[in-house]
Amino acid sequence: MKGNIWDSIISNKVVRNFIICDLALFGGWGLVSPLMSIFIIERVNGATLVTVGAVATVYWVVRSLVEMPIAFIIEKTESENDDMYVLISGILLVSVSALWLRFVDTVPELFIYYVVHAIGFGLYSPAWSGIFSRHIDKNKAAFSWSLDHTVLGIATGITGLIGGWMAQRFGFNAIFLA
């Protein structure tokens, strides 16, 4: 629809839809992320503060090791089809991991969860970034990336507060389902 507020901000529909997709994904994780340390300590048998640090390390190392090869592979073809398949696979893994988290009871299960979660984001990130970058309006690269980061920052901040309230009022399972 021409002439709406989105057109005056970002005219490319792919960029707009990707920002909305990012908003939904990171808004959802904003509900959970600030509470993960508390969840791990309270709900995972045998977990300690060292466990919290160790799973964070596993997440970032695995995600980082997945992203580079995936980026290399998807850039070998001109078509965006492979990028889209990788993107959807990543979103599915990240989404399933959110539901799976409520069933994690032991430290080994927690590490497996974080590996799967990291692989999901390791697939999502380079595919999303590649498609997004190719569709940015001419002379609006900095603005487009800044808009995405601004929307993510605000959404994650707001959902962090909402997630804390939900966990206090309804328990952890409510935020994992949300």
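In these legends a residue is called buried when its relative accessible area is under 20%, exposed when it is over 50% and partly exposed in between, with a 1.4 Å probe and protein chains only. The structure is a predicted model, in which local features need pLDDT of at least 70 and side-chain atom pairs count only at pLDDT 80 or more, while totals for chains, interfaces and linings use all residues. Residues are numbered from 1 along each chain as its sequence is written, and side-chain values use heavy atoms, with hydrogens and water left out.

View 1. From the N terminus on, the elements run α-α-α-α-α-α-α-α, where helices (H or I, at least four residues) and strands (E, at least two) are DSSP runs numbered from the N terminus. The C-alpha trace spans about 55 × 40 × 20 Å along its principal axes, and 41% of the 178 residues of the chain count as buried. Of the contacts (heavy atoms within 4.5 Å) in the chain with a separation of 6 or more, 78% are accounted for by residues 24 or more positions apart.

**View 2. The packing of helix 4 (residues 49-74) against helix 5 (residues 81-101).** The axes of helix 4 and helix 5 come within 9 Å and cross at roughly 150°, which means that helix 4 is roughly antiparallel to helix 5. The axes are lines fitted to C-alpha atoms, for helices over the stretch in contact, and the angles run from 0 to 180 degrees between N-to-C directions; an angle under 35 degrees counts as roughly parallel, one over 145 as roughly antiparallel, one from 65 to 115 as roughly perpendicular, and the rest as oblique. Where the helices meet, I70, I73 and I74 of helix 4 are in contact with D82, D83 and V86 of helix 5. By class, this contact has four nonpolar, no polar and two charged residues, with Ala, Val, Leu, Ile, Met, Phe, Trp, Tyr, Cys and Pro counted as nonpolar, Asp, Glu, Lys and Arg as charged, and the others, Gly among them, as polar.

**View 3. A network of salt bridges that links E80, D83 and R134.** A salt bridge is a side-chain nitrogen of Lys or Arg within 4 Å of a carboxyl oxygen of Asp or Glu, and a search of the whole structure finds three of them. In one, E80 pairs with R134, the closest N and O atoms being 3.0 Å apart; this pair links distant parts of the chain, with E80 in the loop between helix 4 and helix 5 and R134 in helix 6 (residues 107-134), 54 residues apart. In another, D83 pairs with R134, with 2.5 Å between the closest N and O atoms, and this pair also links distant parts of the chain, D83 in helix 5 and R134 in helix 6 being 51 residues apart. D83 is buried, at 1% relative accessibility, whereas E80 is partly exposed at 25% and R134 is partly exposed at 42%.

**View 4. The salt bridge between E67 and R63 in helix 4.** The closest N and O atoms of E67 and R63 are 2.6 Å apart. Because E67 and R63 are four residues apart in helix 4, they are separated by about one helical turn. R63 counts as buried, since its relative accessibility is 12%.

View 5. S97 counts as buried at 1% relative accessibility, and, when residues up to four places away in sequence are not counted, S97 touches W29, Y113 and H117. The side chain of S97 makes a polar contact with the side chain of H117, at 3.0 Å. A polar contact is a pair of N or O atoms within 3.5 Å; within protein, one must be able to donate a hydrogen and the other to accept it, and residues adjacent in sequence count only if both atoms are side-chain atoms.

**View 6. N139 in the loop between helix 6 and helix 7 (141-170).** The phi angle of N139 is near 65°, a positive value in a residue other than glycine. N139 is exposed, with a relative accessible area of 73%.

**View 7. S146 in helix 7.** S146 is partly exposed, its relative accessible area being 41%. The C-alpha atoms of S146 and Q168, residues that lie 22 apart along the chain, are separated by 33 Å.
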